[in-house]
Amino acid sequence: MSLPEQADDSITLDTFLEGVWRQNPVFVMVLGMCPTLAVTVSAINALSMGVATTFVLVSSCLLISMIRNLVPKEVRIATYIVIIATFVTLVDYLIQAVSLKLYEALGAFIQLIVVNCIILGRAEAHASKHPPLKSVINALGMGVGFTIGLFALGGTREILGAGNLFGISLFGEHFQPWVVMVLPPGGFFVLGGWLLLFALLRSKPATEGGH
Amino acid sequence: MAHESVGLIFVSTLLANNFVLAMFLGLCPFLGVSGRLGTAFPMGVATTFVMLVASLCAYGLNLLLSYFQLDFLRLISYIVVIASSVQLVEMVLKKYSPALFRALGIYLPLITTNCAVLGVALFQTAREYNFTQSLAFSFGGGAGFTLALVLMASLRERLQLANVPTLVQGTALSLILAGLLSLSFMGFAGLGGGE
């Protein structure tokens, strides 16, 4: 989807909702898969990863949008990635200061937010062409969509794999945990299952002529 | 952690801790380029090369940064080094193999945002590997990535002949395939010492 140079600058509800539903980064665009699958062994890890990514996404989109007319076209990707890396370093130190336990659980994947395609993709496709306020709203939508996706995955895997949600036991002690779900193959299976569900949901309105 | 032998590191990153199938690094190219065997293998080789270069540079950079106590610059300098080495590979490929260059398309510059490459640099720093260990780690990681990519591409080529329901086709199918592949790679767990 290539946007024209003179893009529409008006802010509508769709600016926000685009990322949450129509172009959800996890379920529709299938971007940023590495953190999506690696950290979603429990709901709380997934949620914190989503929030951290959203913060980086929103702040780097704001900055990139503000300097969009100053950066020469040839070096824009390099500029973006340095900006993103700066914010990620910030988040990395922040999480380390707030909760060491969380920092150890997420491990190198906090620093790997840098190479999350969602952020660079948003910077290139949206923030570099739109004024700050609109980019921030759009980035926020994307971040919320990403967090919802992560939470759906993390929640499912924690419920199936450990019988817990946020560490609270759901099924009593007779539940036999489905251990494979918290192991690497489970990540692939659960995401595959969610994608199937979404494909099913979207194929129905299409036959009725909905959007 | 830092006193494992070189052979052990290589085998364990190649199989038991395969970057793609056990550690979820580098999934974007894994799902994107694994459609055909002809592009999957060169992509793996190119990524391995970038990994080796990045790992060497990261090792040197890390010495320099800890000498000057500039640890907070680590991430930024790593990513700049990786971006430049990808540029190098891109120029070499464009000169010597234009056909391959076109086939890899958008996925070539995207090696920059391949988490596996940055992952190599970050993990070797975190585990305090020495020079030869870093080299074995990055080569094992690259070889493992290539192996996973080639296996996946072969599976998907076979699947083109299969009768798959339309709803399942596309990414969902690839993910379930990857899950099965990952399940079989779990059989290697414990090989190379595990934790």
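1. Thr15(A) counts as buried because its relative accessibility is 6% (buried means under 20% relative accessible area, exposed over 50%, partly exposed in between, with a 1.4 Å probe and protein chains only). Thr15(A) belongs to helix 1 (residues 13-22) of chain A; helices (H or I, at least four residues) are DSSP runs, numbered from the N terminus.

2. The basis of the note is as follows. The model is predicted, so that local features need pLDDT of at least 70 and side-chain atom pairs count only at pLDDT 80 or more, while totals for chains, interfaces and linings use all residues. Residues are numbered from 1 along each chain as its sequence is written, chains are lettered from A and ligands numbered from 1 in the order in which they are written, and side-chain values use heavy atoms, with hydrogens and water left out.

3. Over all chains, the structure holds one salt bridge (a side-chain nitrogen of Lys or Arg within 4 Å of a carboxyl oxygen of Asp or Glu). Glu124(A) and Arg76(A) form a salt bridge, with 2.8 Å between the closest N and O atoms. Glu124(A) lies in helix 6 (residues 117-127) of chain A and Arg76(A) in helix 4 (residues 76-98) of chain A, so the pair ties together parts that are 48 residues apart in sequence. Glu124(A) is partly exposed, at a relative accessible area of 26%, and Arg76(A) is partly exposed at 23%.

4. Six aromatic pairs are found over all chains (rings of Phe, Tyr and Trp, the last by its six-membered ring, with centres within 6.5 Å; planes under 30 degrees apart count as stacked, over 60 as edge-to-face and the rest as tilted). One of them joins Phe19(B) and Phe137(B) in an edge-to-face arrangement, at 5.7 Å centre to centre and 70° between the planes. Phe19(B) lies in the loop between helix 1 (6-16) and helix 2 (27-32) of chain B and Phe137(B) in helix 7 (residues 131-159) of chain B, so this pair ties together parts that are 118 residues apart in sequence.

5. Two residues of chain B deserve a check of backbone geometry. Phe24(B) has a positive phi of about 55° without being a glycine; Phe24(B) sits in the loop between helix 1 and helix 2 of chain B and is buried at 4% relative accessibility. Glu128(B), also not a glycine, has a positive phi near 55°. Glu128(B) is placed in the loop between helix 6 (115-126) and helix 7 of chain B, and is exposed at 61% relative accessibility.

6. Zero disulfides are found over all chains (pairs of cysteine sulfur atoms within 2.5 Å). For Cys57(B), the nearest cysteine sulfur is that of Cys115(B), 19 Å away. Cys57(B) is partly exposed at 32% relative accessibility, whereas Cys115(B) is buried at 5%.

7. On chain B, Lys95(B) lies over the face of Tyr96(B), at 5.7 Å from the ring centre (a charge sits over a ring if NZ of Lys or CZ of Arg is within 6 Å of the ring centre and within 35 degrees of the ring normal).

Notes: Helix = DSSP H or I, 4+ residues; strand = E, 2+ residues; numbered from the N terminus.
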